[in-house]
Amino acid sequence: MSTGLLESPLRARRDGGHKLLMPYVTGGITPGWTGYLRAFAAAGADAIELGLPFSDPTLDGATIQEASDAALARGATAHGILAEVAELRLDVPLVASTYYNLVLRDGPAEFCRALRRAGVAGLIVPDLPLDEAGELADAAAATGVDLVLLASPATPQRRLDEIARRSRGFVYAVSVMGTTGERAALAEPAAALTERIKQGSDRPVLLGFGISTPEQAVEATRRADGVVIGTAIMRRILDGAAPDDVGAYLTGLRRALDQECDETRWPATPDTRRGTAP
Amino acid sequence: MSTGLLESPLRARRDGGHKLLMPYVTGGITPGWTGYLRAFAAAGADAIELGLPFSDPTLDGATIQEASDAALARGATAHGILAEVAELRLDVPLVASTYYNLVLRDGPAEFCRALRRAGVAGLIVPDLPLDEAGELADAAAATGVDLVLLASPATPQRRLDEIARRSRGFVYAVSVMGTTGERAALAEPAAALTERIKQGSDRPVLLGFGISTPEQAVEATRRADGVVIGTAIMRRILDGAAPDDVGAYLTGLRRALDQECDETRWPATPDTRRGTAP
Amino acid sequence: GRFGEYGGLYVPESLVAACREVEAAFREARTDPAFRESLAESLALHVGRPTPLTPARRLSAELGVTLLLKREDLAHTGSHKINNVLGQALLALRMGRTRLIAETGAGQHGVAVATAAALLGLPATVFMGERDVERQGLNVFRMRMLGTEVVPVGTGSRTLKDATSEAMRHWVADTEEAYYCVGSVIGPNPYPWMVREFQRVIGDEAREQCAGALPAAVPDYVVACVGGGSNAAGTFAGFVGTSARLIGVEAEGGAGAARGSLGVLHGFRSLFLQDDHGQITEAHSIAAGLDYPGVGPEHAHLRDLGRARYVTVSDEEVVDAAVRLARAEGIVPALESAHAVAWVIRAARTGELPPGATVLLTLSGRGDKDISTLKELV
Amino acid sequence: GRFGEYGGLYVPESLVAACREVEAAFREARTDPAFRESLAESLALHVGRPTPLTPARRLSAELGVTLLLKREDLAHTGSHKINNVLGQALLALRMGRTRLIAETGAGQHGVAVATAAALLGLPATVFMGERDVERQGLNVFRMRMLGTEVVPVGTGSRTLKDATSEAMRHWVADTEEAYYCVGSVIGPNPYPWMVREFQRVIGDEAREQCAGALPAAVPDYVVACVGGGSNAAGTFAGFVGTSARLIGVEAEGGAGAARGSLGVLHGFRSLFLQDDHGQITEAHSIAAGLDYPGVGPEHAHLRDLGRARYVTVSDEEVVDAAVRLARAEGIVPALESAHAVAWVIRAARTGELPPGATVLLTLSGRGDKDISTLKELV
């Protein structure tokens, strides 16, 4: 099984004992939005999820929806965003995320080529489940873009195994049954889901949806290889946070993850399996 | 065929060459409303129609309706009005007019006795056609009250003959198809109707509905024996006319009728039958 | 034309001939297979008859009775009114009349008249009190959209009573061309009788449907709301010859049958709300269609005979019943119809309806028109 | 679940299992005689099916064609929506689901859901954009009166789109207990197919009724309005195997089938109105129910096959058609349905409909809900 432009660095970091941190930003959200990408990189992001805004982000929560609307109102387009990205020299892999309608507009092959030209390493399409992903998966593979598949607590084991097998880059584990958005507590199913994915695959597993505090990130990475931070960042940006502010926030998360990493490895805690000691 | 308290004087006047004038007033319309009765008598009325107000005068026009509402709002009742009338000493016969619901309330026999006690000579019930009039006609006859029946342009000849036969006091000829109310011109059917009633009866025929000016009264009495003046009077009263004012108006009508009477008798005009010379 | 001592023809002489003509035409039409077929076809194709008989399963379970609903709310234009109006409009056509005249209060009868007029290509004039025109703006527009002339009446209280006067006034003035379309089992002969005959399709259908739905074929009780009483008269007509107990439910403030006394109004002799002096008193009901101070003469007669019983429910019970029916059966009833429901609910609670009793209830109309009213109360 | 290249299951992974369960349950239910009978009974007893096929005699004469109207406006709650909702609610019950979830725009689907929920004793939650809640206050109250929880959605444009997002969000969070009730032939598999199957009762009835009403048994044209396209899909289902030409009439400002291009939204692949960048553009129509930027996948497929043709009419033509139908036939149509009427009127005028052509038109709903809109325009 080949590992691509996205998966190789993530595996390398994970295997090097690091917990992975993937912050998200909606492309085009502010005039100087690429500053957020730089700040993310500086804060120690292992990959960056780059949202290509869609008019009807029906699977996102209110915050991402608001951010998408704002970016589109500014005139953001997928190709415009990719053009800006192409000029950046980031040493952190970028993962585009968008809805399938934008992919279909260009056609899967052309869309993937555009990503590749912009230097984007991976792609997440939340409204494209396994069953409908064939054409895009082929096009992505042909272009060298890693198509990340999502897994949810409701996914049966057999299907989960197939998702883990066919996903590239990492497996995006949806921590709770719901849409994107900050949540006070991480749901129980998140840990169980991570375990279940890992049963048949050693592909990196990143947990998303609802993670915003260092504590949550640490909690999440007890089982998962890393976390995706989206809504918490976009809420700050929509409230006016500059790249430096968001960078500081991410630095805090990075530090908590790294610290926890050290702590949990020496000595390893005994309860690495669900259902043993509290 | 007996002639009663109402019919005898009317026949006598008619046969004496006079055109009959019957003004109308809604009983209880103002605090001093009986003053109108006196003014009517003084102005030369041959009979006076006394409206006993009813809440739903559905066959009357807007003016009589307004007058009825006003009288009721003042607390007028049929028995109260009759009590006031009983104390008057008028030498002009009174003809009560009301809706059948008020008659039914007392019962026809008791209602007629109450009229008789108050010195009322006749009764008009516009929503009681021939077919339904049996019980009241009997009660009226037994009490000596003349029950006046109405005839309309739509009434077939045979029925008209029966109405003329069974009516007492006079025959109330409805000049036009419609409800009470002033009208600019007397309809053609009025003359024809009068002729048709007179074909089989020598009972006095008074024409009502829509007559307000001396010219109309004169026109009406070319065939009819007299006219009923209702709405034109009530309009004036509602507009604030005192008994003297209304008396002056009636005097004008009286004079026109009497003058016309003289003119048409000496010399008699040749066209006393419809359809001959213009 | 007579129902015991009630009914009759208490109209001005000018209208006697016109009423007689309507009566003669109706007597002839009702036995003419062509007329009957044409009416039956129109009821099927335009109104959507037969309307279903719906078992109110959840409410029945709650009340411990078997409640069946005759669904006049599903009739075209939203109530049983159209059954009668179509019949009269076809009669008007048969009589060679060239226009329809009617009065309306809340506008339901007016909309039905406008609908029938459009369907048959007859111009129609509907008289409506100015206050009602203001309060029922949407129904006014609906009538106008259907091509009907709506004439606001500014006399008197500027409501139904005055609209009725104005309609009669116009009829008197044009009995040759105009047909006066009465909306309930009221008015001079032949209207109370004719309207009941046009509405008996409710009872006839329900009788047949009950035979299929109930082991005993006939319900123990037949319940309908009563304003003038046309849906009740039509329903009762199907069951008057059976063992079913007939219950007419009136508004507490408009209980002509339950609390009225002998009188004559609007052309007929019946029971009316009136004061000691014989003045008609105003009716008050949350349901505009029950806001009538009298009751059709046949109901007065059925009451005297003891064949039907007339009861009253309060506005509060009615609103409660409407909500309860909506929540249990997914049907928002007209507030008129909710009167019948309210009585069933109360009678089941008090034991007046014995457990297991079977009840046919005519749901005379849908509640869309009452949503604004309910919104302020619930 | 596929209609040519259209349809599919474009949902987040969290919903895949839930959609599959609905599909499995529906596959089982549709061949289960008990389920079919229970649905048929409910359609007869609660909805009032079959709805009539009404010859539009006067309008036909004016246009020189034979126009037959399939009267979904007479269905309980006022439109065809209830056919589908009852089917899905019974399915939810069969699946052991304990509550219904739905979104609504103008409120018609929401009222149908609230009605079915009350009837079956299921709690229901309907999501509705805050702006729609304000604009459609009476429908909101109607749902609440039926016992349904209406949740105003304050995100985004605060309209249907956002209500849809919120409904999906809630479904995702409670797929074990909640059943998501989609209102048109849209959404992920199995909805477009299942909703069409629940709506095919329109076409099946009409096919049989046409056989009795037309010498040729099958009409030359079958016409229905298309927003998402459920009434059209249900109607076409009865005629797709015949020689009838199928015409879907869209709003000029919401012509997904006539002017859309390939896309994916709301869980399915079909034709959508979108800009050059793939952003969905807003639809605009005087009829709230046609205010949808896409079209059901089956319609996209029928278009590609050439089996159905999709045409558009303007708001002006629609208002004119509504008035014309009202005046000629006594039926005030929903503005959605008036689109179909508008095309027939235009096609008869231009000769596209040859003189004497026979046309079946599905009148999807009644115009009561649109009276305020029409009042401002006519």
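## The interface between chains C and B

Chain C and chain B bury about 2900 Å² between them, with 50% of that on carbon and sulfur atoms. Keep in mind that this is a predicted model. On the chain C side, Glu13(C), Arg169(C) and Gln279(C) give up the most area to chain B, together 23% of what that side buries. In terms of contacts, 34 residues of chain C meet 37 residues of chain B.

Now for the polar part. Three salt bridges are counted between chain C and chain B, and one of them pairs Asp131(B) with Arg20(C), whose closest N and O atoms sit 2.3 Å apart. There are also 15 residue pairs in polar contact between these two chains. Helix H1 (13–30), helix H8 (160–173) and strand S11 (261–265) of chain C each put at least two residues into the side that touches chain B; the largest share, six residues, comes from H8(C). Sorted by class, that side has twelve nonpolar, 13 polar and nine charged residues.

## The sheet in chain C

Chain C has an open, mixed sheet of six strands, ordered S3-S4-S14-S9-S10-S13. Strand S3 (53–55) and strand S13 (308–313) of chain C have a single partner strand each, so one side of each is left without a neighbour in the sheet. From one strand to the next, the twist averages 25 degrees.

Strands S9 (residues 221–225) and S10 (residues 245–251) of chain C run parallel and are joined by five bridges, and Ala224(C) stands opposite Gly248(C) in S10(C).

## Helices on the sheet

Helix H10 (residues 230–237) of chain C packs on the sheet, touching S9, S10, S13 and strand S14 (358–363), and its direction makes about 160 degrees with that of S9(C).

Notes. Residues numbered from 1 in each chain as written. Chains lettered and ligands numbered in written order. Predicted model: local features only at pLDDT ≥ 70, side-chain atom pairs only at ≥ 80, totals over all residues. Heavy atoms only, no water. Pairing = 2+ DSSP bridges. Helix = DSSP H or I, 4+ residues; strand = E, 2+ residues; numbered from the N terminus. Axes fitted to C-alpha atoms, helices over the stretch in contact; angles between N-to-C directions. Contact = heavy atoms within 4.5 Å. Buried area = accessible area lost by both parts, 1.4 Å probe. Salt bridge = Lys/Arg side-chain N within 4 Å of Asp/Glu carboxyl O. Polar contact = N/O pair within 3.5 Å; in protein donor to acceptor, adjacent residues only side chain to side chain. Nonpolar A, V, L, I, M, F, W, Y, C, P; charged D, E, K, R; others polar.
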